[in-house]
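Please look over the two-chain model shown below before reading on.

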Amino acid sequence: MTRIPDVEGSDLVPRDPDVLSIGDRDAAEAAVRELADGYEDRAWGCMSSRHKFCREPCPVYQVTRNEQHTSYGFHATVAAMSRGLVELEDAYEQYAYCTQCGACELRCPNTLFTGDFYRNRTQLVQLVKAVRAAGVKAGIERRSWKQWNDDTVAYRNEMQGDPAEVANWADDLDLPRGGDTILFCDCMAAYRQTKVPQAVSLLLREAGVQFGLMNDQWCCGGPALEMGYVDIYEEFARHNLEDWRKSGARRVVTLDPHDYITFVEEYPRLFADFDIEVLHITDLLAEQVEAGRLRPERPLEVSLTYHDPCRLNKRRGIWESPRKLLRAIPGLDFKDVDHVSQWAMCAGAGGGVPVALPEVAEQVARNRLEAVKPLGVDVLASACVWAEDHLEQVARSDGALPVVDITVLLAMSAGLLDAEPWLAEVRRRRAASGNGGSPLAHGERVTEEAGP
Amino acid sequence: MSGTVTREAVSELVDVCGAQRVVVAPQGRLIRAMVPAPFPFHRWADEAPDVVVLPETTEEVVAIVKLANRLRIPIVPRAGATGLNDGAKPMRGGIVVDTKRMNKVLEIDTTDWTVTIQPSINMLKLNELLTPHGVWYPDDPASYPVSIVSGRVGTGGWSLLGSRYGHVRDNVISMEFVLPTGEVIEVGQGGGRKIRHSSTGYRLKDLFLGHQGTLGIVTECTLELYPRPEAEFPAFFGYESFEDGYRAVQPFCRSNLATLAGVILFDERKVEYLRRDDEAYIPEPESLRSIVAVAAYGSEGEVAAARDRLMQIGADTGGRYLGEELSELDWASRHDRYATPLHGRSRGRAVHMSWHCEDAAITYSQLPFVKRRWHEIADRYIAEHDVFDNWGMFFYTNNAYKGWGDFLVEIDIGVWEQRFDERSWQAWTELKREIAQVSLAAGGSISACHGATREGEVDLIPVELKDGQFDLMLKLKRLLDPNNIMNPGKYLLDRAYEEAERAGGAPGNPEGVPR
């Protein structure tokens, strides 16, 4: 079969100007052949179901309501490319519409009912990464992602921060380098959300956990891989592993879920001899609280709810330890939304979406903030600096509630950070927003009980 | 592909919706060539629409329909695209109007208990929004977590809880509807949008429920609300033969329980299918060959009383209660678990198969006959073609607010679509025609809930709708859609225009005014 012909007037619908194609036909065909080898049968696993139960939980679909931006759409397009009906140059564009949150994988009846017997768990995230990588290989790229990756290579971090200043956040903390346990401070945390690594460091020190920083921390490489830039990812990964090995590290603690998932899922795929234990900070801190080595005793009199970071909850099943930490803090009025309900939620900060499709990423965040409104809480807590930074930016522009990292809350409650300025900020934001807001997520009109 | 979409049409669509909501990319057209109904993938390219448009308002829908009517371009409404019939599959290319962006809730009325929506909202989402108000919308198809109200309107859908809460036709109170000429009408029971029962004029609403996209596009709906059930009680009973299960169904259906939401009978082949690597059913002994599942919904007191009576009926009919865990979990996962691609078998080998559900409306007395004949047909085709598999049969209570009368009878056939070629596709349509013939021989209807527009069975529509019914359908179609632009090719409705042409009338109507 050959590519289906364009309809007359197709040129009146402009292609996404962000997509750049400089490759040749042979390279694209070779990339599609490779994709088909790896993914065509898996695509049929999804298409044969066609239940589409994955659709409504998808945070991007919730914004675009376009079937192309669903697990089903992505799988079907791989099958269509395998049959030669669609060219990679056409298809590539739609694969940006995925935050790689993993909701569709969980909500797939194949995963739910036969994943265990047939080892056929739906793996959309890997498929999206593979198509993006096939694009890059064939010279089909997004200008925005290309630029972002060029910058990340130049700066060794995602924030375009001076590489020499990657540990400036720790200037006043006098932290050692190297050692058995390394604290991997995410790029966002190192340059912008610096309060988070500071809180984490204070908490670990308080609990008596020995740790050091890397000699020369580079980006984990995960985002480059998510965008399809395999070579860049590998360069970063090799550097970081070498740095850990040189300093004798046996364990790495992450404070950001994007780093965590890259280290536990991708590094072992790349390095056959990967033997570093990787631990996420919420798990480690929950252990310390349970063992009585951390004592959050200062009450924080605010009401809050918790946003499950997708890469912790949906993709790695870490949802208990953050809740344990929040429940350990006195004074908090914690209105929990269970982790399964949160499959349908996402901050919109992942998978390269904010770089390529900022309006979509913002609307995903806005939907997440809307879901908080009916709870009438003062604060949204999370455990992902990328989610928090993104949500906070949208919340500020919309006059919504403040967003905070769990580790900062814990450090305040443990008396390691001054809580007063933050509490004052919460009060100020609450007063400015009038608190709570409408419990309606769609802005609909409610006609209440009323006499004639 | 029809080739009727011109540059002018694309340009106008862009003017109406903006380029962002007009899709010309091949992948966007190809995924909208199909729905879950088995699809001839071996000629996928020929089945794709020319262009897809995603409107957000009634005004946009009107503008799209008007331009299609003026330029004589086929137009196919697409809602959730989760139907097991293929109403949303374009047969002549043209414009697919994908309405998923029309999903706003317009009013929740907690006094008169209605909700008015743009109809492309999913029922699960709708209920999330209704929950704080203590009400719900009870439409519960197998596709509950994904299908959307407008598609339920287009297919006239059936609900798993229909015996307690009615089906779509009972719970859609009124609609705003765009006719194929672009006129907007309000259609309900008569009177205002929230009137449920009236004797004024004709009962027009039913005409626009289950039309399979051939009569227009629904743009607003006012729906019935119910109190949220305080309690639900599902119970699964095992029987040693299909005959025992079949006999047990009647007492359950006639139990005089207003809370009875549904009764479902599983046959031996269905139980066998569920035992394919499905741990929930593996512990059940081999002697279990048939299952009857029942569910009651309502107030605490009523459901408690219903539980006692249903358990007694189970015991009296020789049923073995399969326990709280299986009953509750199976009922809770009823939307997900009964059609799993990987349970497909081709000559004993596990392959990805799609679920095809052939659904007829059959009276209770005829169920054993239909069951025997359908299995004979399915098994004969399976013996000849390695792309089909028999996944057994279900029988569901089919009527609103009662458990007796006719049943929704379904045979589930696994279809290995990846391997479809023209020979096996033709076999598939022949299989469907034979299945439909049996339904008609039993005095039944070809489809209880999905619609009967699919290749194969559609040939029998004039047989089922005999004695002038189909002729009246043709007249109505031509009256409302003078240029045959709305989902053309479906339900043999082209005959409306062929006959008019033979009689010397003009095939179309340049003004687009219904005569």
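A residue counts as buried if 20 or more other C-beta atoms lie within 10 Å of its own, as exposed if 12 or fewer do, and as partly exposed in between, with the C-beta atoms placed from the backbone. By that count, 58% of the 515 residues of chain B are buried, and in chain A buried residues make up 55% of 452. This is a predicted model, in which local features need pLDDT of at least 70 and side-chain atom pairs count only at pLDDT 80 or more, while totals for chains, interfaces and linings use all residues. Residues are numbered from 1 along each chain as its sequence is written, and chains are lettered from A, and ligands numbered from 1, in the order in which they are written.

**The two chains**

- Chain A has 21 helices and 10 strands, where helices (H or I, at least four residues) and strands (E, at least two) are DSSP runs numbered from the N terminus.
- Among the contacts in chain A with a separation of 6 or more, 79% are between residues 24 or more positions apart, a contact being two residues whose C-beta atoms, placed from the backbone, lie within 7 Å.
- In chain B there are 17 helices and 20 strands; its radius of gyration is 23 Å, close to the 24 Å that the globule rule gives for 515 residues, so chain B is as compact as a globular protein of that length.
- The C-alpha atoms of chain B fill a box of roughly 65 × 60 × 45 Å along the principal axes, and of its contacts between residues at least 6 apart in sequence, 71% join residues at least 24 apart.

**Where chain A touches chain B**

- The contact between the chains takes 54 residues from chain A and 56 residues from chain B.
- On the side of chain A, the elements that give two or more residues are helix H1 (25-49), helix H3 (71-82), helix H4 (88-91), helix H6 (109-118) and strand S10 (445-447), and H6(A) gives the most, with seven residues.
- The residues on that side of chain A divide into 23 nonpolar, 16 polar and 15 charged, where Ala, Val, Leu, Ile, Met, Phe, Trp, Tyr, Cys and Pro count as nonpolar, Asp, Glu, Lys and Arg as charged, and the others, Gly among them, as polar.

**Helix pairs in chain B**

- The axes of H13(B) (residues 367-384) and H14(B) (residues 422-441) come within 9 Å and cross at roughly 165°; axes are lines fitted to C-alpha atoms, for helices over the stretch in contact, and angles run from 0 to 180 degrees between N-to-C directions.
- H13(B) and H14(B) are therefore roughly antiparallel, since angles under 35 degrees count as roughly parallel, over 145 as roughly antiparallel, 65 to 115 as roughly perpendicular and the rest as oblique.
- Residues making this contact include Trp374(B) and Ile377(B) of H13(B) and Leu431(B) and Ile435(B) of H14(B), and by class the contact has eight nonpolar, one polar and three charged residues.
- H16(B) (residues 469-480) and H17(B) (residues 495-502) pack at an angle of about 85° with their axes 8 Å apart, which makes H16(B) roughly perpendicular to H17(B).
- The contact of H16(B) with H17(B) is made by Leu474(B), Lys477(B) and Arg478(B) on one helix and Arg495(B), Ala496(B), Tyr497(B) and Ala500(B) on the other, or four nonpolar, no polar and three charged residues.

**Single residues**

- Tyr491(B), in the loop between H16 and H17 of chain B, has phi near 55°, a positive value in a residue other than glycine, and is buried, with 23 other C-beta atoms within 10 Å.
- Gln160(A) also has a positive phi, near 55°, but lies in the loop between helix H8 (143-155) and strand S3 (181-184) of chain A and counts as exposed, with 12 C-beta neighbours inside 10 Å.
- Ala328(A), in helix H16 (residues 320-328) of chain A, is partly exposed, with 19 C-beta neighbours inside 10 Å, and, leaving aside neighbours within four places in sequence, is in contact with Val289(A) and Pro296(A).

Terms used. The radius of gyration is taken over C-alpha atoms; the globule rule is 2.2 Å times the number of residues to the power 0.38.
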